[in-house]
Amino acid sequence: MARSKVTVIGAGNVGATTAQRIVESGVADVVLVDIVEGLPQGKALDLAEAAPVVGHDARIVGTNDYADTAGSDIVVVTSGLARQPGMSRDDLLAKNAGIVRSVVRAAVAVSPGAILIIVTNPLDAMCHVAMDASGFPRERVLGMAGVLDSARFRAFIAEELGVSVSDTHAFVLGGHGDTMVPLPRYSTVAGIPITELMSPERIAALCARTANGGAEVVALLKSGSAFYAPAASVFEMVESILLDRKRVLPCAVALAGEFGTHDLFVGVPVVLGAGGMERVMEIALTGDEQVAFDRSAAAVRELVATLASLG
Ligand SMILES: NC(=O)c1ccc[n+]([C@@H]2O[C@H](COP(=O)([O-])OP(=O)(O)OC[C@H]3O[C@@H](n4cnc5c(N)ncnc54)[C@H](O)[C@@H]3O)[C@@H](O)[C@H]2O)c1
């Protein structure tokens, strides 16, 4: 039986690190694509030469030609510009929309059955571009943001309480941006809600740090943005799909009435399996949480409207 095939578009920091995680796990062969000649070929060759040391047999090739991506099971889109210090995700809107539209069209023309995982920012708006450009059903267009945002929240909870990250679970809903909605009562340590373990002030501080998580890394790096945790988060989604694990992970999906929202990509918990997004797990929100969710959804809707006005 042939190994699964994953295409990663964009051989920059997030794309190359994602490609490394996938190929070194052995779950799929990887095709790494970039617009820059030599970049994906060089990184793929370097990763292929690590295979004997790492000890895997999965293949990786780098290319500038979408013909090499044909028949992919999953296409991960990371191509675009990364945020620079002082630059908001929204500044990236017009530029990255053009890039995402063109790469998605080229990729789905040769992989019509693929599942798309969008990473390029501004994330929720880029998911709309990808769904439109691909014509795919919502089950096969997913945005990666919630896994990363909840990973950050988990890391901060574990650090605060001096416990293993393995015993922490965190839930973050909403758009990927300053309006994301961390849910403390669904965030637990070994099943105990953090609301029982920390003061409201400390929880508020960790929620604020989570919402600002991307900017905190950008400010330290001075150039470029986070990529280790983003790549690890994409890998978790890829693995759940390829191994049909049915993990329950927060992903940006096109809502069809869930959480009171229609026709909008917003981060919600979903079951991820061989069919892509197999089910939205709708949970009852408190009044305050619903207000925060609606505010986050409104920010995404505004961005999508801006995108439409840009043509
Ligand atoms: N969703 C998230 O949580 C999340 C997290 C981190 C980064 N991001 C976003 O992911 C994107 C990539 O980040 P990065 O750090 O890897 O950036 P990067 O600059 O290191 O890499 C981007 C790559 O895209 C390539 N590219 C540009 N236009 C292309 C095209 N038309 N076709 C193919 N390749 C093209 C560039 O040549 C470059 O190699 C950014 O938009 C960033 O904001 C999102």
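1. Let's start with Glu 239, which is buried at a relative accessible area of 18%; buried here means under 20% relative accessible area, exposed means over 50%, and partly exposed lies in between (1.4 Å probe, protein chains only). The side chain of Glu 239 meets that of Arg 245 in a salt bridge, 3.0 Å from N to O. A salt bridge is counted when a side-chain nitrogen of Lys or Arg is within 4 Å of a carboxyl oxygen of Asp or Glu. Arg 245 itself is partly exposed, with 43% relative accessibility.

2. A word on the model before you read on. It is a predicted one, in which local features need pLDDT of at least 70 and side-chain atom pairs count only at pLDDT 80 or more, while totals for chains, interfaces and linings use all residues. Residues are numbered from 1 along each chain as its sequence is written, and side-chain values use heavy atoms, with hydrogens and water left out.

3. Please also look at Glu 236 and Arg 247, whose side chains form a salt bridge of 3.1 Å, N to O. This pair links distant parts of the chain, 11 residues apart: Glu 236 belongs to helix H8 (residues 228-242) and Arg 247 to strand E12 (residues 247-256). Helices (H or I, at least four residues) and strands (E, at least two) are DSSP runs, numbered from the N terminus. Glu 236 is partly exposed at 21% relative accessibility, and Arg 247 is partly exposed at 26%.

4. Arg 209 and Glu 216 make another salt bridge through their side chains, at 3.0 Å from N to O. Arg 209 counts as partly exposed, with 32% relative accessibility, and Glu 216 is partly exposed too, at 29%.

5. Now for the neighbours of E4. Strand E1 (residues 4-9) runs parallel to E4 and is joined to it by 4 bridges; strands pair if DSSP finds at least two bridges between them. Val 6 stands opposite Ile 74 in E4. Strand E5 (residues 115-118) also pairs with E4 in the parallel sense, over 4 bridges, and there Ile 117 is the bridge partner of Val 76.
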